Amino acid sequence: MRAAHLAALKDAVGIGGKAAVGEEHRFDALPELFVRQEEKARSPLRRRCLGHALSSLRSFAFGSQYVSLVDIPRAKHRFAPSAIFGLGARLRIRNLDREARMSGGYDDRDGKIWLDGQLVEWRDAQVHVLTHALHYASSVFEGERCYDGRIFKGVEHSQRLRKSAELLDFEIPYSVEGIETAKYAVLEANGWSNAYVRALAWRGAGPDMGVASLRNPVRMAVAAWEWGSYYGDAKMKGAKLDIAKWKRPSPETAPSQAKAAGLYMICTMSKHAAEAKGCSDALMFDYRGYVAERTGANMFFVKDGEVHTPLADCFLNGITRQTVIAMLKDKGLTVHERHIMPEELEGFEQCWLTGTAAEVTPVGQIGDYSFEVGALTRDVAESYEKLVRA
Ligand SMILES: Cc1ncc(COP(=O)(O)O)c(C=O)c1O
């Protein structure tokens with residue numbers, strides 16, 4: 001099992017103990033045992049028993065895959081125990097306490113959400129149906145990841161949130177520092193040091209119910225939750241992407257550098273269409289027909305040892321994209337930011353995508369074009385994993 005695999009596993013459950021790579025043992029019966037235990041583990045008493053049982057186990061085999069773990073399953077924070085289940089060649093890692101806490105819909109969970117300057121109970125973070133943003137998409141947001149207690153590029157995300165609001169003609173009534181404080185308050189209130197953080201601001205309900213909304217209050221919220229590897233298995237073997245029928249709009253049609261809710265309407269439709277075809281997501285072209293981005297991530301391609309990435313002139317110039325470009329240049333690689341024609345996909349050897357949620361995810365297929373998960377892709381993914389925790 002490679003370090004990248006293991007890091008993905010650690011991400012998925014937030015295992016806090018040390019993990020050893022390479023020392024492999026075979027326990028064919030264990031996957032079945034864990035599946036049986038999963039059924040039993042629903043009562044708190046049995047969950048505790050399972051925790052004890054797992055504490056004594058150090059090495060596991062999952063069908064054809066193996067992993068040796070040291071000092072697990074106590075999770076780093078207070079959400080022990082974790083349990084690991086092997087199902088054939090697929091891996092599933094479960095943290096039972098976390099699941100109990102997070103098993104409801106996103107509106108029905110335990111925990112705290114920061115809303116307009118205060119921490120409120122998760123279920124009480126509500127808005128009225130006549131909220132302007134709900135009708136006219138006057139909303140901007142950020143997706144961030146906290147690694148070991150530190151939000152990677154947190155300030156840049158807060159700055160972009162404020163900038164996105166400005167592009168939509170409203171001002172967030174909190175400074176960058178204020179937004180940073182809110183994000184860490186949420187993490188602390190929920191006891192998380194590894195989590196996805198969602199900050200958002202929107203035009204609320206008030207005297208205006210037409211398109212104009214100058215008299216309505218600007219509201220803001222920050223929520224956080226544990227969100228593992230975005231693509232699960234695809235992170236290791238390469239995501240399979242469809243090609244979307246929807247195009248990224250011209251910057252004269254929409255504020256393309258804003259992370260604005262309205263811009264995601266075509267992303268949701270593209271992603272649904274892709275999933276219906278058995279793909280995990282979709283690549284979108286832009287209004288001119290150039291290769292643009294995935295529905296929520298930027299694209300990179302490799303050919304003859306050089307890297308090519310679409311010029312971000314009508315879609316989000318992602319913070320991860322900028323980080324990875326700088327990283328590649330530091331490694332001495334040539335990076336071409338340019339317009340890329342769809343027919344060029346045939347000549348590219350490797351492909352990966354970048355985004356805060358997706359991190360660096362290899363792409364194995366786009367439509368009929370295939371890519372290898374090559375050495376450079378793996379190297380970038382591993383370097384990024386190290387950087388975010390550095
Ligand atoms: C449409 C879109 N493009 C690109 C990105 C990547 O941006 P970042 O790396 O800043 O997360 C995202 C994710 O936020 C996105 O939603």
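A nonpolar core is a set of buried Ala, Val, Leu, Ile, Met, Phe, Trp, Tyr and Cys residues joined through C-beta atoms within 7 Å. Buried here means that 20 or more other C-beta atoms lie within 10 Å of the residue's own, exposed means 12 or fewer, and partly exposed is in between, with C-beta atoms placed from the backbone. The model is predicted: local features need pLDDT of at least 70, side-chain atom pairs count only at pLDDT 80 or more, and totals for chains, interfaces and linings use all residues. Residues are numbered from 1 along each chain as its sequence is written.

**View 1. The whole protein, to get your bearings.** The protein has eleven helices and 20 strands. Helices (H or I, at least four residues) and strands (E, at least two) are DSSP runs, numbered from the N terminus. Of the 390 residues, 41% count as buried. Two residues are in contact if their C-beta atoms, placed from the backbone, lie within 7 Å. Among contacts with a separation of 6 or more, 68% join residues 24 or more positions apart.

**View 2. The largest nonpolar core.** This core has 36 residues, and Leu241, Leu283, Cys351, Trp352 and Val363 touch the most other members. Two or more residues each come from strands S12 (239-248), S13, S14 (291-294), S15, S18 and S19 (359-366) and from helices H10 and H11 (375-388). S15 provides the largest share, five residues. Look next at Trp352: beyond its neighbours within four places in sequence, Trp352 is in contact with Phe300, Val360, Thr361, Pro362, Val363, Thr377, Val380 and Ala381. A second, separate core holds 32 residues, including Val186, Val197, Ala199 and Leu200.

**View 3. Strand S13 and its residue Asp281.** In S13, six of six residues are buried. In a regular strand, side chains alternate between the two faces of the sheet. On one side of S13 you will find Asp281, Leu283 and Phe285, and on the other Ala282, Met284 and Asp286, all of them buried. S13 spans residues 281-286, with Asp281 in it. Asp281 counts as buried because 27 other C-beta atoms lie within 10 Å. Not counting residues up to four places away in sequence, Asp281 touches Ala239, Leu241, Lys271, Ala274, Arg294 and Thr295. The C-alpha atoms of Asp281 and Asp242 are separated by 6.2 Å, although these residues are 39 apart along the chain. S12 and S13 pair in the parallel sense over five bridges; two strands pair if DSSP finds at least two bridges between them.

**View 4. Helix H10 on its own.** H10 has twelve residues and reaches 17 Å from its first C-alpha to its last, close to the 16 Å expected at 1.5 Å a residue. That expected span is 1.5 Å times one less than the number of residues. The buried residues of H10 are Ile319, Thr320, Arg321, Val324, Ile325 and Leu328. After H10 comes Gly332, whose phi is positive, near 85°.

**View 5. An open sheet of six strands.** The strands run in the order S7-S6-S11-S10-S8-S9, with antiparallel pairing. Strand S7 (118-121) and strand S9 (150-151) stand at the edges with a single partner strand each, so one side of each is left without a neighbour in the sheet. Strand S8 (139-147) and strand S10 (195-203) pair over eight bridges, and Glu142 has Ala199 of S10 as its bridge partner.

**View 6. Two loop residues with positive phi.** Asp169 lies in the loop between helix H6 (154-167) and helix H7 (176-190), and its phi is near 75°. Asp169 counts as exposed because it has 11 C-beta neighbours inside 10 Å. Asp304 is in the loop between S15 and strand S16 (306-310), with phi near 50°. Asp304 has 8 C-beta neighbours inside 10 Å, so it counts as exposed.
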